[in-house]
Amino acid sequence: MHKALESLLDLLDLERIEEDIFRGQSRSALVPRVFGGQVAAQALVAAGRTVPAERTAHSLHAYFLRAGDPGAPIVYTVDRIRDGASFTTRRVVAIQHGQPIFHLSASFQRYEEGMEHQADMPPAPDPESLPTAAEMLPRYASAFRDEGVVDRLIEARAAVDLRYVDAPPWASVGTPREPRSQVWFRTNGKLTDDPLLHVCLATYVSDMTLLDSVLLAHGRGGWAVGDVVGASLDHAMWFHRPFRADEWLLYDQESPSASGGRGLGQARIYTQDGRLAITVIQEGVVRVPRG
């Protein structure tokens with residue numbers, strides 16, 4: 001297992017302070033705030049640890065309220081909203097310096113048989129045929145505002161093997177493209193069979209690239225290029241079928257709209273054999289910096 005993945009797993013292993021209160025640590029992100037995917041994943045861990053193991057997460061809805069301080073721990077308080085015959089609902093508030101920075105509602109369900117259909121998986125190349133981040137990112141070093149961005153990007157994504165199907169936003173600054181993006185991803189190492197862990201790691205990764213399609217539509221390169229400022233506003237996920245985060249997953253993303261300083265990204269995540277595992281929707285602040 002890659003050391004970066006071990007570090008990420010440690011980050012998700014929350015300390016239990018009271019029955020429904022947990023504490024998580026943070027680490028520096030690419031921007032001077034806590035990475036949104038980290039907070040969402042930790043909040044889902046907190047919720048999941050108050051739910052019977054036979055009930056698995058099937059949806060989450062979350063709002064990013066304030067920028068998190070990477071230098072301080074985060075306290076997660078869990079409210080046991082409902083324990084029904086089939087579904088369990090939890091609400092989690094993440095608190096730093098006495099203020100809420102994040103709010104999540106998650107629902108869990110015991111397994112049951114039901115009707116089955118799904119959208120077909122779109123075409124995509126074999127992930128093994130695509131360059132790794134360490135191979136791809138140095139090619140675009142000249143696009144970034146400082147030389148250290150490449151190394152920081154590689155370090156930030158070292159726990160996950162994330163491979164772009166098409167060129168990333170910073171590769172075509174100034175040239176608008178179709179607002180669609182695909183990446184393959186999996187963890188850099190094998191995981192245990194705990195379903196909650198796989199769901200939480202997919203949640204972590206889901207915040208990395210979802211708004212790329214917004215940037216593509218406008219020929220913008222993103223924060224690392226310096227032609228956009230922004231942050232995640234809200235995030236929703238639906239977990240349809242079992243999957244493993246340590247096996248290849250196709251993240252097929254698009255942006256149907258941008259307006260009012262906000263951009264919307266929506267996506268489907270498929271297993272390599274074509275099963276629709278997750279649907280994701282996120283809105284974020286996407287602004288052109290003022291001169």
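Guide: Helices (H or I, at least four residues) and strands (E, at least two) are DSSP runs, numbered from the N terminus. Q182 lies in one of them, strand β8, residues 180-187. This is a predicted model, where local features need pLDDT of at least 70, side-chain atom pairs count only at pLDDT 80 or more, and totals for chains, interfaces and linings use all residues. Residues are numbered from 1 along each chain as its sequence is written, and side-chain values use heavy atoms, with hydrogens and water left out.

Visitor: Why does Q182 count as buried?

Guide: Buried means under 20% relative accessible area, exposed over 50%, partly exposed in between (1.4 Å probe, protein chains only). Q182 has 11% relative accessibility, so Q182 counts as buried.

Visitor: What makes the link between the side chains of Q182 and D252 a polar contact?

Guide: A polar contact is a pair of N or O atoms within 3.5 Å; within protein, one must be able to donate a hydrogen and the other to accept it, and residues adjacent in sequence count only if both atoms are side-chain atoms. The side chains of Q182 and D252 are joined at 2.8 Å. The side chain of Q182 also reaches the backbone oxygen of P123, at 3.4 Å.

Visitor: How do you know that the radius of gyration of the protein chain agrees with a compact globule?

Guide: The radius is taken over C-alpha atoms, and the globule rule is 2.2 Å times the number of residues to the power 0.38. For 291 residues the rule gives a value near 19 Å, and the protein chain has 18 Å, so the two agree.
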